[in-house]
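Me: I'd like to learn how to read a structure like this one. Could you walk me through it, one feature at a time?

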Amino acid sequence: MDSCSPSFFRRDTVTVARALLGARLVRDPENTPRRVGRIVETEAYTQDDPAFHGWNLYDEETGTVRREGRAGDLFAESGRGYVYLIYGMHWLLNVVTEPEGTGGAVLVRAVAPVEGTETMRARRGASHRDVNLTNGPGKLSEAFDVDDAFHGEMLTGSPLYLVKGEIDADETIATSSRIGLSRGVDRPWRFFIEGHPYVSPATPSDQTQ
DNA sequence: ACGAGGATGCTCT
DNA sequence: GAGCATCCTCGTG
């Protein structure tokens, strides 16, 4: 196993977001079958980005950072989880990037099931078609039992970690504006495997009106 | 197929 | 009080 180490994540956030396409997300708790998903969609968030949760903590003029609250953890050591609740309901999984003191994170937006699909079905409910198990950031968190417990934890080993992977020869990486934003819509920082069935069906933020 | 609307809680104003 | 890195259900065509 070539699991992603802190140094893998201690790089430019956009580079990490691209490099995570084809990587595996592994959920390996005790007493539960292992779940593995292949990452097919990510988004990058950087400290000078108005959509970044820690945007108001970073002063571009002086280069100083106020590491306060949950968003302050976006400036922590790379390889840690940044997990937060959106719309009062869904946990979203990010991995902290860049050197400590520099803000950045990659949102894992969609994976394709590789192993443990039965467990994912049990978590998501039987009424769903398989494509709906993990084709969105809230959905994959439910399928993989990701919640607040992983916020601030190192994602470099059990029970939740990432393993390096590649894009197949017949696959291409596509880019778009990110999903669900009102600010920072001009930054083309959503990356996905073009045409893959497990890419989320959402519309990029610069194509809505 | 697609669009509208509701659920629900944390953070900042 | 508003906005939010979402998802699901229920309308209409």
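Reply: Let's start with accessibility: buried means under 20% relative accessible area, exposed means over 50%, and partly exposed is in between, using a 1.4 Å probe and protein chains only. Glu118, for instance, has a relative accessible area of 56%, so Glu118 is exposed. Before we go on, note that this is a predicted model, where local features need pLDDT of at least 70 and side-chain atom pairs count only at pLDDT 80 or more, while totals for chains, interfaces and linings use all residues. Residues are numbered from 1 along each chain as its sequence is written, chains are lettered from A and ligands numbered from 1 in the order in which they are written, and side-chain values use heavy atoms, with hydrogens and water left out.

Me: Which residue does Glu118 form a salt bridge with?

Reply: First the idea: a salt bridge is a side-chain nitrogen of Lys or Arg within 4 Å of a carboxyl oxygen of Asp or Glu. Glu118 pairs up with Arg121, and their closest N and O atoms are 2.3 Å apart. Arg121 has 28% relative accessibility, so Arg121 is partly exposed.

Me: Where do Glu118 and Arg121 lie?

Reply: You need one more term here: helices (H or I, at least four residues) and strands (E, at least two) are DSSP runs, numbered from the N terminus. Both residues sit in helix 4 (residues 117–124), 3 residues apart, which is about one turn of the helix.

Me: How many salt bridges does the structure hold?

Reply: There are 16 salt bridges. One of them joins the side chains of Glu115 and Arg34, at 3.1 Å from N to O. Glu115 is in strand 7 and Arg34 is in the loop between strand 1 (24–27) and strand 2 (35–46), so this pair ties together parts 81 residues apart in sequence. Glu115, at 32% relative accessibility, is partly exposed, and Arg34 is partly exposed too, at 29%.

Me: Are Arg178 and Asp49 buried or exposed?

Reply: Both are buried. They form a salt bridge as well, with the closest N and O atoms 2.6 Å apart.

Reply: Look for a nonpolar core, a set of buried Ala, Val, Leu, Ile, Met, Phe, Trp, Tyr and Cys residues joined through side-chain atoms within 4.5 Å. The largest one here has 30 residues, and Phe9, Leu20, Leu25, Ile39 and Leu162 have the most contacts inside it. Helix 1 (6–9), helix 2 (13–19), strand 2, strand 6, strand 7, helix 5 and strand 9 (160–163) each give two or more residues to this core. Another core lies apart from it, with 14 residues, among them Ala71, Tyr84, Ala105 and Leu181.

Me: Which residues is Leu25 in contact with?

Reply: Contact means heavy atoms within 4.5 Å. Setting aside neighbours within four places in sequence, the partners of Leu25 include Arg35, Val36, Leu93, Val111, Phe144 and Leu162. Leu25 belongs to strand 1, and with 1% relative accessibility Leu25 counts as buried.

Me: Now the DNA. Which residues come nearest to DNA strand C?

Reply: A residue is near a molecule or strand if one of its heavy atoms lies within 4 Å of it. There are 21 residues around DNA strand C, and Tyr84, Asn94, Arg124, Gly138 and Ser182 come nearest. Strand 5 (81–86), strand 6 (90–96), strand 7 (104–115) and helix 5 (137–143) each supply at least two residues of that surface.

Me: What kinds of residues make up the surface near DNA strand C?

Reply: For sorting, Ala, Val, Leu, Ile, Met, Phe, Trp, Tyr, Cys and Pro count as nonpolar, Asp, Glu, Lys and Arg as charged, and the others, Gly among them, as polar. Near DNA strand C that gives 10 nonpolar, 8 polar and 3 charged residues.

Me: How far is Ser182 from a phosphate oxygen of DNA strand C?

Reply: An N or O atom in the side chain of Ser182 is 2.3 Å from a phosphate oxygen of DNA strand C.

Technical notes
Polar contact = N/O pair within 3.5 Å; in protein donor to acceptor, adjacent residues only side chain to side chain.
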